[in-house]
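Have the viewer open and follow along.

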Amino acid sequence: MPERLLSEQEMIAIMTDVQIIEADINHKKTKEREQNDSVKAKPKDFVKMSKVYYDQLFEHYGITDSIFSQNIQYYTERPAVLEKIMDSVVQRLTAESRRDDSQ
């Protein structure tokens, strides 16, 4: 049991932001690879960038990386609940994407 059990709704919000963070980092990695193919560019330190993003995420939600990891483990051991959480994350991201496309 985590030292602080995050509710399913909290996990949905956090995991939605995690997916956005990961998409942003992967987008930046792809852009850098494309630039490096055409121009000598100094590689970015994506590990540091990732740490900054996650530190901000944890601060925003008032949790630590340990609490996050413990909750990931907790919900991983409950696959039906985790699947429900991740389905909600996909729904949120899809709705957000549609909203962005309409603007």
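Just after H2, Gly62 takes a positive phi of about 65°. Please keep in mind that this is a predicted model.

How far apart are the end C-alpha atoms of helix H2? They are 22 Å apart, which agrees with the 22 Å that its 16 residues (46-61) should span at 1.5 Å a residue.

The buried residues of H2 are Phe46, Met49, Ser50, Tyr53, Tyr54, Leu57 and Phe58. Viewed down the helix axis, the buried residues of H2 fall within an arc of 165°, so they line one face. Lys48, Lys51 and Glu59 are exposed on the other side of H2.

Next comes the nonpolar core. The largest one has 21 residues, and Ile14, Val18, Leu57, Ile63 and Phe68 have the most contacts inside it. H1, H2, H3 (65-76) and H4 (79-102) each supply at least two residues of this core, and H1 gives the most, with 7 residues.

| Residue | Residues touched |
|---|---|
| Thr16 | Val89, Arg92 and Leu93 |
| Val18 | Tyr54, Leu57 and Phe68 |

Thr16 is found in helix H1 (residues 8-38). Its relative accessible area is 4%, under the 20% cut-off, so Thr16 counts as buried.

Notes. Residues are numbered from 1 along each chain as its sequence is written. This is a predicted model: local features need pLDDT of at least 70, side-chain atom pairs count only at pLDDT 80 or more; totals for chains, interfaces and linings use all residues. Side-chain values use heavy atoms; hydrogens and water are left out. Helices (H or I, at least four residues) and strands (E, at least two) are DSSP runs, numbered from the N terminus. The expected span of a helix is 1.5 Å times one less than its number of residues. Buried means under 20% relative accessible area, exposed over 50%, partly exposed in between (1.4 Å probe, protein chains only). The arc is that of the directions from the helix axis to the C-beta atoms. Contact means heavy atoms within 4.5 Å. A nonpolar core is a set of buried Ala, Val, Leu, Ile, Met, Phe, Trp, Tyr and Cys residues joined through side-chain atoms within 4.5 Å. Lists of a residue's contacts leave out its neighbours within four places in sequence.
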